[in-house]
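My notes follow the structure.

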Amino acid sequence: DKVPVLTDGDTVVTDSFEIMRYLDRAYPEAPVLGEGVSLQRVMFFKQLVERSITPALFKIVVLDLLEAIHPDDRAYFRKTREARFGATLEAVSNPEQGRQQLKQALVPVSAQLKESLFLDGETPSGADYLLFGSMMWAHVVSTQAVVEPGDPVDEWFQRMLSAHGGAASNALTVRDI
């Protein structure tokens with residue numbers, strides 16, 4: 001009933017961060033988040049994503065998301081989200097404001113990506129996957145790009161889509177339907 005979900009044998013884990021924590025414990029030879037200072041840094045970045053980036057993305061894509069949801073589930077989605085925000089989805093939707101907030105929230109990310117291919121260096125790791133999860137969600141449900149082409153974040157997003165043999169680039173989007 002939740003996404004993302006990881007099934008590893010009899011273990012089922014939801015939530016991107018909890019999935020990465022599980023993978024670190026189950027497969028310590030290839031940590032995604034790490035421990036100690038490394039984990040604390042990625043937890044800080046998690047706060048940025050959850051409190052600044054994802055809310056900005058939501059303002060951009062909320063009405064696209066409503067349209068992407070199965071018609072039988074739209075009333076539930078509307079009711080629960082409007083209760084959470086204390087406003088109609090139409091009032092929450094403000095793509096231009098969301099784009100401005102997103103651009104501002106991504107300033108430090110963009111600066112980092114001018115210095116390295118990924119947030120965590122030469123290959124993607126914890127911070128990259130945290131941000132990618134939110135960006136991919138918006139990418140899948142939105143009828144338009146959420147970041148301008150050529151922006152360092154867009155270039156990073158394209159690299160993330162190509163990672164792991166391009167698995168993410170094969171995801172079905174609302175633009176494909």
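I count a contact when heavy atoms lie within 4.5 Å. Helices (H or I, at least four residues) and strands (E, at least two) are DSSP runs, numbered from the N terminus.

The model is predicted: local features need pLDDT of at least 70, side-chain atom pairs count only at pLDDT 80 or more, and totals for chains, interfaces and linings use all residues. Residues are numbered from 1 along each chain as its sequence is written, and side-chain values use heavy atoms, without hydrogens and water.

**Confidence.** I checked pLDDT, the predictor's confidence in each residue, from 0 to 100. The chain average is 93, and 99% of the residues score at least 70. Strand β1 (residues 5–8) is lowest, with a mean of 92, and α4 is highest, at 98.

**Helix α5.** Which residues of α5 are buried? I found G98, L102 and A105 in this helix, residues 95–105. Buried means under 20% relative accessible area, exposed over 50%, partly exposed in between (1.4 Å probe, protein chains only). Down the axis, the buried residues fall within an arc of 65° (directions from the helix axis to the C-beta atoms), so they line one face of α5. K103 and Q104 are exposed on the other side. The cover over the buried residues includes α2 (36–68) and α6 (107–113).

**Core.** I define a nonpolar core as buried Ala, Val, Leu, Ile, Met, Phe, Trp, Tyr and Cys residues joined through side-chain atoms within 4.5 Å. The largest one has 44 residues; L102, L131, M135, V146 and W156 touch the most other members. Helix α2 gives the largest share, 13 residues.

**W156.** Leaving aside neighbours within four places in sequence, I list its contacts as L113, L117, F118, L119, D128, L131, F132 and M135.
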